[in-house]
Each structure stands twice: as structure tokens, then as C-alpha cells.
Amino acid sequence: MSASGTGIGHVVVIGAGIAGLAAAHRLLGRGTRVTVVEASDRVGGKLLPGEIAGVRVDLGAESMLARRPEALDLAREVGLADSLRPPATATASIWTRGALRPMPKGHVMGVPGTAAALAGVLSDEGLARIERDAELPRTEVGDDVAVGEYVAARLGREVVDRLVEPLLGGVYAGDAYRISLRSAVPQLFQAARTHDSLTEAVREIQAKAAASGQTGPVFMGIEGGVGRLPLAVARSVAARGGEILTGTPVTELRRTAPTGWQVVAGERVLHADAVVVAVPAPAAAALLGTESPAAAAELRTVEYASMALVTLAYRRTGLSLPEGSGFLVPPVDGRTIKASTFASRKWDWIADEDPDVLVLRTSVGRYGETEILDREDAHLVDVSRHDLREATGLDAEPLQTRVTRWDDGLPQYPVGHHARVARIRDEVAKLPGLAVCGAQYDGVGIPACIASAYAAVDQLGGDARGVQELTANPVQSLHGGAGE
């Protein structure tokens, strides 16, 4: 055994997404020997740097929530402090009822504090329905409830369909009428338990946020792309003596007497004092099936949504776009794309790399939508260009296009998700030297994934505070967040 801060000599981390890499980085900082094994031929998971028309871009998550510290702190620790960049513009739109409309202010994940906050997005009938909230009897939320179900009961379906749904869909590519209020919007869940009126609860949340004095950007990017973060963490892990094995799938995980672990990874057999499993739920279930069948059974119930990102580069000359960083699209409007980001406008560094190139992204695919994602790349480009033309008038021929598919990319957080995670962790905790982390537990955003990694490391070191302190926070989508 080691005299390190964890008291563990050798840890094998399975998975080299941002969660696995963060766990390895934290372990090495405590003097522990670490081996990271990754089935694919690269590190980074849902964080993927790339290029189009000679300009560096992200082909996965593109920004990090800046209102919690884990991602920004890790970026600074691995030498990216000077590359952190806020968005050049924070204004966005929503494409609904046939027009691009300014994204309303004064809401919490689409839930307004007053009806006036959604004027222009909702119909007069929808606004009037919000006003009834103050007159309705309290709606009990119990142990958990679907976001859409609760908000529709208080404020009407139009709020959900026109605003909550596209905002939550941007995070989870999911269905607001299935997504857990407790796990996805915890501040609203807590407020709903103590307030009769939902709009009153939102106003209290907003007042507390204003009183906290928290300023600065909500999101942050990295010059050259957020995809640089896992690469920098991997370099730091290697520089500290950690070993990273890519193209090395783990085929067996077994306990060895009295407290150790054996990991069969490719052609190697690794012996470890502890193991961190930092892979998506299906892979984690397969690994834990022998030693923790109950945890594996729970992990097999985790559902995922698939999506595709379409990146388009245009010659800028003669082109104009609406103001802002892009727009969201409510499913109720029947469009194919669910969002578009004007990447060259959102990130100054993209515009600076080649002022003559204009880069946009669209996303396609929500939970349960499989037919559209079965189409060829060329079809996804065509439908993206059609919707962009309808929304913005952009009708130019792109210089280059790229389609990046994220099959089963985003775990779903249905009602009762928190209880499922608790059951998984209870079962894992029965096995000394085993911990789990990743996007399927406490949040799909980059900071949440890193926080889950740190909690896993703390658990190995006998410090349960890491898990206890993990509370669901506002998370971002594959547009701005990441999975494992």
C-alpha cells in the first residue's frame, strides 16, 4: 500500500473520457500510481477537436458551465488558463411560430417568474394561462416528478412545448415530459416543495441569484476548442508518470483476494488496489456483471439519446446572419434541426483564425428519434441547410460540411433517476476499492463529469464527502457539455 493521500498503491481507471482523465489526474496529484485504459483509439469521449475549411472547431461539446469551478480549475491546472475564452455574445433566439424570436430573460430553464417574461414567444392564451398559477392549489411533487408534467400543471403546456422543451432538449436531447425535475432542475424541485406558486418560486430563485453577487459569463470556451481539454489533461497525466493505453478494451474485471482487482485489458492483465469505472452505462454494466450484478442490472436500465452535429463552413463574403449566437427549436414546431450555433459569431477565436470563413453548427436527433439518424450524412446536411434557409435566409453553398454522429451520446435522466444512482452507488460501495463516475450519474455537463470523478477518488480514499456533496447543477448539452 502507498503512503499517498489515497492510501492506495495502484489504481486502474477504465475509460479516458473527461471523467476518467480527471480521476487519473486527481489520483496522480495524491501520489498514486495510475493506469488508464481506453477501448477507442483516442482520449476525450464527447470532447472532440477537429477542423473545417482550415479552421479549428469542436465536433462535440463546445463550452463549459462557468458558474461551478471544476472544469475551469482543471483547465488552469493543465496549462490552459490563457486559452479560456467567454462567448463573444450571450444573446440567442428561439425559432418558433414561424419566426426567430429573442430568447426570453427572467426564467429558470424556461420557467418564468412572470408571464411578461415570455411575451412574444407564447400566444396571448399561453400568457394568460401562466397568470392562473397564483390561483391554483399547491401541486405536490412527491419524491420526484417529470419537469414537463409539473410545469404544465402549473403554467400550461405552451410554456413547456415552446420554451422548457427546447432548453432541456439542448441539454439531454430528451423529452421534457419524461425528464426528472429533481435531477435536471434541482433548484426548481426544492422550490416546488416549499412554495404553492411556481412563478413565486422562480422569483425567489432569481432574487437569491442576484443577491449572491455572482457575475461573469455563464459559459466558457477554450481557444482552439474545448476538445483541447482532455488532450491537455492526458499530457499532464503522462507527465506525472501515469500510463494511458488507448485501443485497449477491458474484457474482464474481477476481485482478487483479499482486496485487490484484476483487469484484463487487451493482451495485458493488470493488477490494482482499486478501480475507477468511468465508461458509459452499457459498458459499465458489462464490466460489473460478475462482481456486482445488482449494480449492473441498474446500469442496464439507463437509456440514451443519439444525435448528430452538422458543421458547415461558408465563404463569408455577402452573407449575413441574424444577431446572436444561434437559436433553439421547439419540437412542437415540426422542424428537423433542434438547434443551431453561429460558431464564428459565438467564439471570437474561430472568426480570428480565418475572417473569410463563417462556421455554423446544427444538431439533429432527440430521444426516440431514430429514423432521421438512419439517413446518410448528405441527407442530414440537406435538411440542416433547408431549416437554416427557412430560419435565417442563408441559402449559400457551403465550402465544406462535416457530420459527427454521437450514437447513444446522452444519458437520459427520467423520473426517479436520483434513486437509481443511489442504488448503484450503494451496491458499488459494498466492494472495497471500486468506484464509478461519468455522465450517467450526476450531470452530463463537463463540470459535473469532473465532479463525479473527484467524488470517485474521494470514495477510494475513504472520504465519502465527495459523493455527498455532489448535487445536480445546471448542465449543458453536447453543444456545450460532455459525456464521459
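**Two alanines and a helix**

I started with A173, which sits in the loop between α5 (157-172) and α6 (181-184). For helices I took DSSP runs of H or I with at least four residues, for strands runs of E with at least two, numbered from the N terminus. This is a predicted model, where local features need pLDDT of at least 70, side-chain atom pairs count only at pLDDT 80 or more, and totals for chains, interfaces and linings use all residues. Residues are numbered from 1 along each chain as its sequence is written, and side-chain values use heavy atoms, with hydrogens and water left out.

A173 is not a glycine, yet has a positive phi of about 50 degrees. I noted that most residues other than glycine have a negative phi. Is A173 buried or exposed? A173 is buried, at 0% relative accessibility (buried is under 20% relative accessible area, exposed over 50%, partly exposed in between, with a 1.4 Å probe and protein chains only).

Next I checked A53, in the loop between β3 (49-52) and β4 (55-58). Phi of A53 is positive too, near 50 degrees. A53 is partly exposed, at 23% relative accessible area.

Then I went to α3 (residues 124-131), where G126, L127, R129 and I130 are the buried residues. They span an arc of only 155 degrees around the axis, so they lie on the same side of α3; the arc uses directions from the helix axis to the C-beta atoms. D124, E125 and E131 are exposed on the other side. What do the buried residues of α3 pack against? I found β10 (111-112), α4 (147-155), α5 and α8 (198-211), with contact meaning heavy atoms within 4.5 Å.
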